[in-house]
Amino acid sequence: MAGNSVNPIPFSEPPYLRGLPSPYYTAAHRHFQQACRKFIWENLTQYAMEWEKAGAVPDRVFKTFCEHNMLLPNMPAPLPVGWLKRLAINDILGVKVEDWDYVYTGIYCDELARSGLSGPGSSLNAGFSFAIPPILKFGGDELKERFLPDLLTGKKRACIAITEPEAGSDVANITTKAVKSTDGTYYILNGAKKWITNGIWSEYATMAVRTGGPGPTGLSLLIVPLKNYPGVSMRQLKVGGHATSGTTYIDLEDVKVPVSNLVGTEGDGMRMIMTNFNHERLVISVGVTRSARVALSAAFSYCLKREAFGKKLMDLPVVRHRLAKAGAELETMWAWIEQILYQLNHLSKDEGDRQLGGLTALAKAKSGIVLNECAQCAVLLFGGNGYTRSGQGELVEAILRDVPGARIPGGSEDVLLDLSVRQLVKIYQAQEKKLTQSSKI
């Protein structure tokens with residue numbers, strides 16, 4: 001739906017956009033939501049299905065978003081105000097960069113996914129969401145000076161390159177090797193990266209490589225040149241959904257990368273990667289939940305008008321039962337996401353990572369489960385129309401194909417379910433130790 005009118009179909013909007021009270025959103029947040037929805041509708045949402053079918057988002061769209069600072073919201077809050085001011089970037093659709101918080105981030109990610117299709121949005125945002133943050137947080141001053149001016153303004157594009165053909169969620173077992181040259185001025189890279197979002201368009205990758213021995217302590221992060229760089233070859237992969245996201249296979253054969261492109265210090269790669277995952281999983285959760293909302297509300301609307309067995313589908317108890325089960329999952333998921341966004345605004349970065357890292361992993365896993373529930377519900381209620389890549393059910397059919405792209409990238413579902421509990425056990429053990437020590441005093 002264009003503009004900022006309220007969609008009356010149940011489950012179509014978060015409660016705060018249906019006019020219900022909320023403790024999380026200020027007048028400034030609501031004003032940004034309206035401006036954000038208008039901008040993204042005009043430049044992305046209304047064309048999303050057309051571009052997804054074509055398999056590509058026009059290059060001009062990335063440029064337009066960058067000209068209006070509308071990819072910066074993909075970065076963690078608070079934003080890098082000092083760097084942005086240096087680059088004469090003072091606001092995002094009227095919101096001062098120094099005022100940006102995680103509630104704004106949630107609004108933006110929700111609006112970016114309003115079409116229900118994951119591909120068009122992910123064709124734009126992967127560099128800002130996942131590749132730039134490690135440079136900002138862990139890179140040295142010289143590294144930042146060389147790369148950030150072009151990356152933050154979108155003059156150059158970047159991607160995050162962690163996953164390999166034999167190592168996905170098992171990050172500690174990455175095998176791409178980076179061996180120093182005899183004169184110590186270069187790393188020489190050999191290996192491969194697979195399923196790299198936006199890789200095919202990127203000048204650089206923030207890449208996980210093995211500079212040391214086996215296991216997590218042997219990992220480091222490097223800024224690796226990609227496009228037309230000696231020893232680098234790339235090809236785009238066709239995947240089940242996300243047709244426009246530029247999923248890429250990268251081959252690396254004796255690729256020389258200056259040692260000055262090291263992010264942070266050697267052997268600290270695992271810590272940087274895991275910290276970066278917290279933000280990645282959060283923004284994925286927001287977008288995935290909007291896709292679930294689009295699918296379920298489309299099914300609700302269809303059931304109000306479709307007739308079968310002499311009555312509207314909505315008059316059948318089994319249909320209402322399906323909608324109710326999926327709707328409960330959806331609204332519960334959204335309430336949890338809002339809570340995490342609010343909590344991040346009131347915790348330091350380190351405390352947020354410690355307290356919410358495991359829960360964010362769990363939220364990302366749960367959002368994929370919820371999307372699967374809502375998308376399957378929608379396709380089943382659309383019947384044959386939901387199994388057809390055209391006509392009334394083409395959107396829910398496409399959303400169902402996107403489901404694996406929600407449940408696998410950013411840490412596959414089963415890995416994250418396990419990780420979340422292990423993180424919670426660590427927090428418990430640390431608290432128990434403190435209590436034990438204090439009782440002895």
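Why does the distance between the end C-alpha atoms of helix 9 agree with its 29 residues? At 1.5 Å a residue, helix 9 (residues 317-345) should span 42 Å, and its end C-alpha atoms are 42 Å apart. The legends below describe a predicted model, in which local features need pLDDT of at least 70, side-chain atom pairs count only at pLDDT 80 or more, and totals for chains, interfaces and linings use all residues. Residues are numbered from 1 along each chain as its sequence is written, and side-chain values use heavy atoms, with hydrogens and water left out.

View 1. Helices (H or I, at least four residues) and strands (E, at least two) are DSSP runs numbered from the N terminus. The expected span of a helix is 1.5 Å times one less than its number of residues. Buried residues of helix 9 include Val319, Leu323, Leu330, Trp334 and Leu341, where buried means under 20% relative accessible area, exposed over 50% and partly exposed in between (1.4 Å probe, protein chains only). Gly327, Glu331 and Glu338 are also among the buried residues of this helix. The cover over its buried residues includes helix 5, helix 8 and helix 10 (349-382).

**View 2. Helix 1 and histidine 29.** Helix 1 (residues 27-43) has 17 residues and reaches 25 Å from its first C-alpha to its last, close to the 24 Å expected. Its buried residues are His29, Phe32, Gln33, Cys36, Arg37, Phe39 and Ile40. Helix 3 (59-67), strand 1 (91-92), strand 2 (95-96) and helix 5 are included in what covers them. Histidine 29 has a relative accessible area of 4%. Not counting residues up to four places away in sequence, histidine 29 touches Tyr24, Asp101, Val103, Tyr104 and Ile107; contact means heavy atoms within 4.5 Å. The C-alpha atoms of histidine 29 and serine 123 are separated by 25 Å, and the two residues are 94 apart along the chain.

**View 3. The largest nonpolar core.** A nonpolar core is a set of buried Ala, Val, Leu, Ile, Met, Phe, Trp, Tyr and Cys residues joined through side-chain atoms within 4.5 Å. The largest has 107 residues, and those with the most contacts inside it are Phe32, Ile40, Phe65, Tyr108 and Leu323. Helix 8 supplies the largest share of this core, 17 residues. Leucine 323, leaving aside neighbours within four places in sequence, is in contact with Phe11, Leu296, Ala299, Phe300, Met314, Cys377 and Leu381. Another core, of 18 residues, lies apart from the largest one and has Cys159, Ala205, Met207 and Leu252 among its members.

**View 4. The largest pocket.** On a 1 Å grid over the protein atoms alone, a cavity is a set of points where a 1.4 Å probe fits but cannot get out, and a pocket is an open set with protein on both sides within 12 Å along at least five of seven lines; lining residues have an atom within 4 Å of a point. Grid points are joined across faces, edges and corners, and a volume is the space filled by probe spheres set on the points. The largest pocket has a volume of about 1100 Å³. Of its 43 lining residues, Thr197, Ile284, Gly405, Pro409 and Gly410 are the closest to its centre. At least two lining residues each come from helix 5 (102-112), helix 6 (118-138), strand 5 (186-196), helix 8 (269-305) and helix 11 (394-407). The lining has 20 nonpolar, 20 polar and three charged residues; Ala, Val, Leu, Ile, Met, Phe, Trp, Tyr, Cys and Pro count as nonpolar, Asp, Glu, Lys and Arg as charged, and the others, Gly among them, as polar.

**View 5. The two cavities.** The whole structure holds two cavities of 30 Å³ or more. The largest cavity has about 60 Å³ of space, and helix 6 gives the most to its lining, with four residues. Residues lining the largest cavity include Phe62, Leu124, Phe128, Lys156 and Arg157. The second largest cavity has about 40 Å³ of space; its lining includes Phe65, Cys66, Asn69, Phe128 and Gly154. By class, this second lining has seven nonpolar, three polar and no charged residues.

**View 6. Asparagine 276.** Asparagine 276 is found in helix 8 and is buried, with a relative accessible area of 10%. Leaving aside neighbours within four places in sequence, asparagine 276 is in contact with Phe130, Pro133, Pro134 and Ile160.
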